[in-house]
Amino acid sequence: GTLVFCGFFLRRDLQARDKQMARLKREEQLGRLGVELSSGKRLQLGGLRGTCRVVIAAGTRAQVKNAIDAAEPLREELIR
């Protein structure tokens with residue numbers, strides 16, 4: 001009984017670790033993405049960590065344009 005109990009918790013811990021490692025890998029990959037700022041400066045997304053609030057919009061060109069247009073009224077609040 002004790003062995004099954006320990007096996008259950010070991011399996012659960014290993015699954016949680018694998019899930020966390022996959023999340024960290026995705027975040028690392030996102031951090032390496034190149035971005036161009038409105039000033040024209042180009043850098044990696046990770047370079048903005050701790051200094052900027054990054055919002056990523058993904059979709060078709062029309063969907064991204066609609067999302068940006070819809071967010072425009074909130075721009076001043078996000079800049080503060």
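Me: What counts as a salt bridge here?
Reply: A salt bridge is a side-chain nitrogen of Lys or Arg within 4 Å of a carboxyl oxygen of Asp or Glu. This is a predicted model, where local features need pLDDT of at least 70, side-chain atom pairs count only at pLDDT 80 or more, and totals for chains, interfaces and linings use all residues. Residues are numbered from 1 along each chain as its sequence is written, and side-chain values use heavy atoms, with hydrogens and water left out.

Me: OK, how many salt bridges does the structure hold?
Reply: The structure holds six. One of them joins Arg 42 to Glu 36, with the closest N and O atoms 3.1 Å apart.

Me: Are Arg 42 and Glu 36 buried or exposed?
Reply: Arg 42 and Glu 36 are both exposed. Exposed means over 50% relative accessible area, buried under 20%, and partly exposed in between (1.4 Å probe, protein chains only).

Me: What does Arg 75 pair with?
Reply: Arg 75 meets Glu 72 in a salt bridge, at 3.8 Å from N to O. Arg 75 counts as partly exposed at 44% relative accessibility, and Glu 72 is partly exposed too, at 43%.

Me: And Arg 32, what does its side chain meet?
Reply: The side chain of Glu 28, in a salt bridge of 2.9 Å, N to O. Arg 32 is partly exposed because its relative accessible area is 46%.

Me: Switching topic. What pattern does the protein follow along the sequence?
Reply: The pattern is α-β-β-α-α, with three helices and two strands in the protein. Helices (H or I, at least four residues) and strands (E, at least two) are DSSP runs, numbered from the N terminus.

Me: Why is the protein called more spread out than a compact globule?
Reply: Because its radius of gyration is 20 Å, well over the 12 Å that the globule rule gives for 80 residues. That radius is taken over C-alpha atoms, and the rule is 2.2 Å times the number of residues to the power 0.38. The C-alpha atoms fill a box of roughly 60 × 30 × 25 Å along the principal axes.

Me: How much of the protein counts as buried?
Reply: 4% of the 80 residues.

Me: Which residues form the nonpolar patch on the surface?
Reply: Leu 30, Leu 33, Val 54 and Ile 56, with about 340 Å² of accessible area together. Patch residues have over 30% relative accessible area and no salt bridge; like charges are joined within 9 Å, and nonpolar side chains (Val, Leu, Ile, Met, Phe, Trp, Tyr) within 5 Å. Areas come from the Shrake-Rupley method with a 1.4 Å probe, and for residues only the protein chains shown count as cover.

Me: Where does Leu 33 lie?
Reply: In the loop between helix H1 (2-31) and strand S1 (34-36).
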